[in-house]
Amino acid sequence: MIENIISKNCIDAVEQLISGNERFVILSHKNPDGDALGSSLALYHYLKSRGKNAAVVLPNAFPDFLAWLPGVKNVLLYDKDTDRAKELIGLADAFFCLDFNALNRIGDVSEEVAKSSAPKLLVDHHLYPSDEFAVEISFPEACSTSELVYRLIENLSSDAAVSFDMAQCIYTGMMTDTGAFAYASSRKDIFLIVAALLDKGIDKDKIYRRVFYSSSFTRMKLQGYVMYRKLKVYNKYNAALITLDHSELQRFYAVKGDTEGLVNQPLQIKGIRFSCFFREEIPGKINVSLRSVDDFPCNEVAAEFFNGGGHKNASGGELHCTMDEAVLLFAKAMAKYKNLLTE
Ligand code: 5GP
Ligand code: MN
């Protein structure tokens with residue numbers, strides 16, 4: 001049996017909002033990943049199955065390796081389909097906020113959402129949700145928001161309401177947020193949910209290949225280049241750093257998603273507990289990804305040094321400076337956290 005974690009009060013509140021309204025907009029975070037898109041589309045299919053008018057609005061594009069997800073063609077990207085997205089946001093009776101914990105994580109979309117008085121429902125697994133939500137389904141111990149969407153649907157209706165399409169989306173989110181169940185996935189319920197999704201007929205091996213075995217040749221070369229030339233190990237701090245500046249990304253024709261997963265790789269080195277990746281996707285702007293093992297809190301490092309946040313073992317942020325300045329900042333962060341890194 002899957003343990004019930006969402007309170008009856010929450011479920012009742014969500015049910016009231018769904019049954020009493022018609023138009024829903026599902027929102028997720030900037031640079032959407034498999035969990036952002038998977039959880040959003042699963043909920044989209046569910047609301048549709050209940051005869052509701054639903055739309056998914058994301059701030060910007062998702063990686064190509066997610067483009068096969070059922071329903072993806074109907075997703076609106078705010079930076080491209082701005083007018084249509086604004087119209088739908090304006091008409092929404094309620095918002096579902098998925099896989100982020102504060103409205104500033106959805107970029108410009110938040111300005112449009114702020115104009116609406118429609119209630120916002122949070123379904124998320126990041127720490128420290130803000131107080132902007134009318135209903136809060138926030139469980140940092142969940143492996144993914146997709147796990148929570150499965151639970152939500154099961155609680156609102158039943159497992160029978162989970163369609164094959166919903167199952168594919170949910171599985172993709174659970175798989176991508178756990179590195180194919182390599183981390184953040186030791187709870188038994190995760191596998192009970194996976195078993196329930198397999199019962200819907202999903203082919204988990206095929207989903208794995210679609211997501212992880214879809215590299216271009218240039219992406220493989222970029223990975224080789226990074227491992228050979230760009231990975232720095234700081235043994236004194238049990239930490240590692242990868243940097244890719246704008247010209248390097250261009251040299252390898254890097255497209256969205258090509259650098260996904262790179263930040264995890266240094267953790268394969270024995271003794272490394274903290275990994276950092278700086279990538280200059282736009283000249284002058286550096287995207288930061290942080291990963292750690294055990295109790296090292298990269299969300300605290302992200303908040304203190306990199307204008308970001310996230311989970312204890314997976315966080316991110318952004319910097320507006322040169323790569324050299326970013327590297328200096330990383331050195332400062334390592335020095336500050338030396339005790340925790342080496343204990
Ligand atoms: P990634 O390295 O995959 O971009 O992000 C890892 C995790 O950190 C994700 O769970 C994401 O939600 C969170 N994250 C990434 N960037 C930011 C940021 O700028 N602010 C906050 N608060 N969290 C972030
Ligand atoms: Mn997530």
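I take helices (H or I, at least four residues) and strands (E, at least two) as DSSP runs numbered from the N terminus, and I call two strands paired if DSSP finds at least two bridges between them. The model is predicted, so I note that local features need pLDDT of at least 70 and side-chain atom pairs count only at pLDDT 80 or more, while totals for chains, interfaces and linings use all residues. Residues are numbered from 1 along each chain as its sequence is written, chains are lettered from A and ligands numbered from 1 in the order in which they are written, and side-chain values use heavy atoms, with hydrogens and water left out.

S11 is joined to S12 (residues 314-319) by two bridges in the antiparallel sense, and glycine 310 stands opposite serine 315 of S12.
For the helices I use contact as heavy atoms within 4.5 Å, and axes as lines fitted to C-alpha atoms (for helices over the stretch in contact), with angles from 0 to 180 degrees between N-to-C directions.

Another open sheet has six strands in the order S3-S2-S1-S4-S5-S6, with parallel pairing. S3 (76-77) and S6 stand at its edges with a single partner strand each, so one side of each is left without a neighbour in the sheet. I counted four bridges between S4 and S5, among which phenylalanine 96 has leucine 121 in S5 as its partner. Helix H1 (residues 8-19) lies across S1, S4, S5 and S6, running at about 125° to S6.

Which protein atoms hold the manganese ion (ligand 2) as donors? Counting N, O and S atoms within 2.8 Å of the metal (3.2 Å for Na, K and Ca), and keeping in mind that water is not among the atoms, so sites may look incomplete, I list Asp35 (OD), Asp99 (OD), His125 (NE2) and Asp177 (OD), at 2.2 to 2.4 Å. Their spacing along the chain is D-x63-D-x25-H-x51-D. Aspartate 99 sits in the loop between S4 (94-98) and helix H4 (109-114), and histidine 125, 26 residues apart from it, in the loop between S5 (120-124) and S6 (135-138).

On a 1 Å grid over the protein atoms alone, a cavity is a set of points where a 1.4 Å probe fits but cannot get out, a pocket is an open set with protein on both sides within 12 Å along at least five of seven lines, and lining residues have an atom within 4 Å of a point. The second largest pocket holds about 160 Å³, a volume being the space filled by probe spheres set on the points, which are joined across faces, edges and corners. H9, S7, S8 and H12 each give at least two residues to its lining.
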